[in-house]
Structure formats: C-alpha cells, structure tokens
Amino acid sequence: MATTPKQLKLGALIALVVGSMIGGGIFSLPQNMAASASAGAILIGWAITAVGMLTLAFVFQTLANRKPELDAGVYAYAKAGFGDYMGFSSAWGYWISAWIGNVSYFVLLFSTLGYFFPLFGEGNTLPAVLGASVVLWGVHFLVLRGIQQAAFINLITTVAKVVPLLMFIVIAAVAFRLDVFTRDFWGQGNLELGSVMQQVRNMMLVTVWVFIGIEGASVYSARAARRSDVGKATLIGFLGVLALLVLVNVLSMGIMSQAELAGLKNPSMAGVLEQVVGPWGAMLISVGLVVSLAGALLSWTLLCAEILFAGARDNTMPSFLRKENVNHVPSNALWLSNGLIQLFLIITLFSASTYLSLLYLATSMILVPYFWSAAYALLLGLRGEGYENARGERRKDLLIAGIATLYALWLVYAGGVQYVLLSALLYAPGVLFFAKAKHERGQPVFTPLEKVIFALVLIGAVIAAYGLYDGFLSL
C-alpha cells in the first residue's frame, strides 16, 4: 500500500522526539552528573537546563509555524537566516554529532557487556573495538539491503527503554534517603569539584547530550500530517523526558553519595539499582540498555546517512552523496558515515577515549545548529517577519528566542575552550565538501564575511591539532 509523504500524526511525532532523546544517555546519567557536580549544583544546573531547553523547544515550535516551507531539518534555519556556509556548517556539525554519538553508543554498549564479559572493560579495549566493528558493519550491510524501520524493532526498543526506567524510578523513590541526598550538598568537601559555579558549568554538556533529539520532530516535519503538530510534539516530548531525567538523577543521589556515584562503571543506573535490590537490578538495567542501544544504533545509522542525503538534495552537500543503491538506500552517505565511525572506534583504542569524553565531543558539535536555530528565530522577531498581524506574539517570541540564544552561548562557554577547539578541528575539513557543492553550482565558495568566519575556524583547528600533538588537548 502506497504511503503519502505527509502521514505522521501527533502521537508518532511525539514518539520520534522521545525516542530520539531517550537513548543511552539516561542510563549513565547518575555517574555522568556526579563526576562533575554535587546535589545542590545539579539542582541549579537542571533549573538552567529546564529554562534553556524549554525556550529552545519553543523556538522549534515557532519556526515550524512561522516558516513551514523550511522542512529540511534544523540546518535549513541557519541557511535561510545566515547564508550558505552557516547552513552547511549546521548540517555538517549535526552529522558529525550524530556519528560521534554512534561511536559513544558502541563504547557504552560494550562497556555494558563488560558487566557480563570482563574482557570488554570500559568498552575501549581491543576485544570491545573488534566486537563493535563487527556490529557496525553488520548493521551497515543490513541497511544497504533496505532494512530500515521494522515495526517490531521499534516496539522492542521502546519497551526496553521505558520499562527499566519506570521500575528504577519506583524502586529508587522507595529507597531514597534525604540524609544521603543532603550530605555535602554543595560539594565543599571535595575540592576537585571546584566552586558551585564551576560544577554547574561542568555538568552542562551532559544535560545537552541527554536532550539531543529535541529537534526530532523538526527533522521529519515534511512528513507531518499537520504542521502545527511539529511544535506540539517537541514541547510534549521535552516535558516528558525532562521529568524522567530529573527523577533518575535526583533519586540516585539519595541512594549513593556523590563520590560513590562518580566511581560507578557505566551504565551507572545498573550500579545504583544493584545497591538497592542486589545483582538482579544491575542485570535488568544492563539487558534493557543492550536491547535499547541495538535499536538506537540502527536508527542513528540511518539518520547519519539521511542528514547527508537531505543536504545533497538541496545542494548544501556535494551531489555524490545523493547516490542511492537499488534498494533506495543513500549508499555513499552510509559508507562515509560508517567509515568515520570505524576510524574513531580505532582512535578510542589508542587514546583510551571513554563514553563520557565522546559524549562531550558529540555534544559540542551540535551546539552550532542549536545556536543558529535560536538566532534565526531572534532575527525573525527583530525583523517582524511573519508577525504583521501578531504584535503580542512577536514580543513573546522575541523574549523566548533571546533567552534561547543566550542559553546556546552559555553552553559554548560552559563546554570550555578545549571542546571549542576540538569542534573547530572537526568543522574545518568540511570546507572541502562545501567547496565541491559550490563548484557544482558554478558559485564562488565564500562571501567576504564567510571568509572571515572560516579563517577563525581554521585558526582554531590548527591550535587544536597542535594541542593534540603536544598533549595539552586530548580526546
């Protein structure tokens, strides 16, 4: 039976948003947050995140309603508002974030399997990298055969995500102890954490990581049955996931101390539940996560290829990435994405990159698409474009877009210089693809302003390359 391009209803769009956001991140949240902050700083950080990410959710809602013709994903907003190079950079950054995120999923998957098979260690040992490579290319060739979105896989992975999370929240709520939660509330007993403001800064990239996917409905907006449902799905999905994340994080800190949580192996939810109910709790979380990650890897493998394919269709990316095989799979885009995933899996072996370090790098790459989306919404409000008969809405949207833009800048600051430089190192090679796409259209590569922007990116990349060589930067 043939399907129409616009077929996704509100429920399906909400599922896309929630499914995109709930991957492996929430299962490792207790340790990831405790590694950087105490309970008091974590509460402050969640408050900032809730406001910042809520305004970002509203931005995607506003843009979906005000600019319905921009349905190629989040990078379309950067391209429409700030030119071709910013649009390309948003697509490039989003794509890199997606495949580095997949690398982190492989590390987490084999770190989880390390609970049953110690030779996999933290997911970055030689057996783990070999195992991850086998899984990577197995998924690759399955996708090339046209196996894309089997309903039973989606159902299994959804249950695998939700059931362990709900069980964890119920059990942790019963076991929660206020005296454990309030002990050294501001982290002053641990000098390594630093001041409260430093702790809040250090946890920010983790909070963004667990919300990556908030733009999920926007990516599929061209297929929405009703355009207005895109914004609703983004908002509803965000609020539901926020509740789950905060409950998992806060309840964990009432069961184990900050130092104990920080020392857990990931997925740290398994260690927390084991503390309460014994070994079967760790096994429940581990098995649920393995199944969840298996489904997530398939979905994000497809997404990596889809980002490049969509960019090539509107001439943002070079035309060779439009190539499809006989099964209508974007084969060149898939080979490029998975080839780079393989390269980074090998790098984790030699650099001992952990799930957390890969998480930070993937998150820093997506800050550019998020920033330009917020800035575009702010630009529309300042111009009054689309608000001719809605002055009240214009003022409200201006305020929301302004907060979202400031929040995106705060995230860049919170991530620190290291990840700004490493991001530049990954953004710089993209100019080859950008130049090729421009050449195919017979256009000059850069405008004068874009030349200045690229020069700054190139300077950052050179510093980062030297930093990795000299040792003052690391992956």
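Predicted model: local features only at pLDDT ≥ 70, side-chain atom pairs only at ≥ 80, totals over all residues.
Residues are numbered from 1 along each chain as its sequence is written, and side-chain values use heavy atoms, with hydrogens and water left out.

Figure 1. Helices (H or I, at least four residues) and strands (E, at least two) are DSSP runs, numbered from the N terminus. The C-alpha atoms fill a box of roughly 65 × 55 × 50 Å along the principal axes. The radius of gyration of the protein chain, 22 Å, agrees with a compact globule, because 475 residues would give a value near 23 Å; this radius is taken over C-alpha atoms, and the globule rule is 2.2 Å times the number of residues to the power 0.38. Of the 475 residues, 56% count as buried (under 20% relative accessible area, with a 1.4 Å probe and protein chains only).

**Figure 2. The largest cavity has a volume of about 140 Å³.** Among its 16 lining residues, G101, Y105, W209, I212 and W300 are the closest to the centre. Two or more lining residues come from each of α1 (10-21), α5 (84-113) and α9 (196-211), and α5 gives the most, with six. The lining has nine nonpolar, seven polar and no charged residues. Here Ala, Val, Leu, Ile, Met, Phe, Trp, Tyr, Cys and Pro count as nonpolar, Asp, Glu, Lys and Arg as charged, and the others, Gly among them, as polar. On a 1 Å grid over the protein atoms alone, a cavity is a set of points where a 1.4 Å probe fits but cannot get out; a pocket is an open set with protein on both sides within 12 Å along at least five of seven lines; lining residues have an atom within 4 Å of a point. Grid points are joined across faces, edges and corners, and a volume is the space filled by probe spheres set on the points.

**Figure 3. The second largest cavity has charged residues in its lining.** Its lining includes K79, D84, F88, N315 and R441. By class there are three nonpolar, two polar and four charged residues. Helix α19 (430-440) gives the most, with three residues.

**Figure 4. A nonpolar core of 147 residues includes W46, M53, W99, I100, F211 and Y370, those with the most contacts inside it.** Such a core is a set of buried Ala, Val, Leu, Ile, Met, Phe, Trp, Tyr and Cys residues joined through side-chain atoms within 4.5 Å. Its largest share, 19 residues, comes from α5. Leaving aside neighbours within four places in sequence, I100 is in contact (heavy atoms within 4.5 Å) with F344, L358, L361, A362 and L426.

**Figure 5. S104 is found in helix α5.** S104 counts as buried because its relative accessibility is 0%. Beyond neighbours within four places in sequence, its contacts are W209, Y355, L358 and L359.

**Figure 6. The second largest pocket holds about 650 Å³ of space.** Of its 24 lining residues, V368, V412, V420, Y427 and V457 lie nearest the centre. Helix α18 (417-427) gives the most to this lining, with six residues. By class, the lining has 18 nonpolar, six polar and no charged residues.

Key
Buried < 20%, exposed > 50% of the residue type's maximum accessible area, 1.4 Å probe, protein only.
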